[in-house]
Amino acid sequence: RRTTRTEEKETNKFQFMKKYIANIITGSRAIFSLPLLFIPLSSAWFYALYLLCGLTDMIDGTIARKTGAVSKFGARLDTVADFVFMFVCSLKILPLIHIPIWLWVWIIIVALIKIFNITRVFIRKKKLISIHSVLNKITGFALFLLPLSLTFAPTTYSVATICVLATIAVMQEVYFIAKGQEVL
């Protein structure tokens, strides 16, 4: 059976989309993050864009794996998109939350241990590796839920809960690195 030019074009479009859809979704996270800076935190638009960014973070990797489109570029783009989203959210949310100084100290200590872990693996492997443990994913999900909980849950309790999760996750990372199990 001979294919028509229209069928070939449709096949080429499908192959293009199959190859790049995950990267398009990932890149959209960075793009959708930027308007969050200019939209009031308690507005429906903020929550809609915030959830959309979270959704893109959840599905891009799955789509890349299912379509066979996993690539180094996609992994780097995901890291950049995650950074943009986290940076924008930090700029938007951190000035508005009021937590005790002891919680800020706790956050800084966990962040420093995380940086130490990343540096230690980088020195050993000569590349940046992020440990995707179940505990890290649970902590990330809890952190993602934080802005959604600000209107109805006491901030101190929400942040303390996330700090407990983050502390356990970062200590698990220390253990994995000590055992040479950096890639999970």
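**Walking through the model**

So, burial to start with: 33% of the 184 residues in the protein chain are buried, where buried means under 20% relative accessible area, exposed over 50%, and partly exposed in between, with a 1.4 Å probe and protein chains only. Before I go on, this is a predicted model, so local features need pLDDT of at least 70 and side-chain atom pairs count only at pLDDT 80 or more, while totals for chains, interfaces and linings use all residues. Residues are numbered from 1 along each chain as its sequence is written, and side-chain values use heavy atoms, with hydrogens and water left out.

The protein chain has 6 helices and 0 strands; helices are DSSP runs of H or I with at least four residues, strands are E runs of at least two, and both are numbered from the N terminus. The C-alpha trace spans about 70 × 45 × 20 Å along its principal axes. Taking contacts (heavy atoms within 4.5 Å) with a separation of 6 or more, 79% are between residues 24 or more positions apart.

Now let's look at helix α6, residues 155-178. How far apart should its ends be? At 1.5 Å a residue, times one less than the number of residues, its 24 residues should span 34 Å, and the end C-alpha atoms are 34 Å apart, so that agrees. The buried residues of α6 include V159, I162, C163, V170, E173 and I177. What do they pack against? That would be α4 (101-125) and α5 (134-149). After α6 comes G180, with a positive phi near 75 degrees.

Over on the α4 side, have a look at N117, which sits in that helix. N117 is buried, at a relative accessible area of 2%. Leaving out residues up to four places away in sequence, N117 touches V170, E173, V174 and I177.

Last topic, the cysteines. The structure holds 0 disulfides, a disulfide being a pair of cysteine sulfur atoms within 2.5 Å. C53 is in none, and its nearest cysteine sulfur, the one in C89, is 7.0 Å away. C53 is also buried, with a relative accessible area of 0%.
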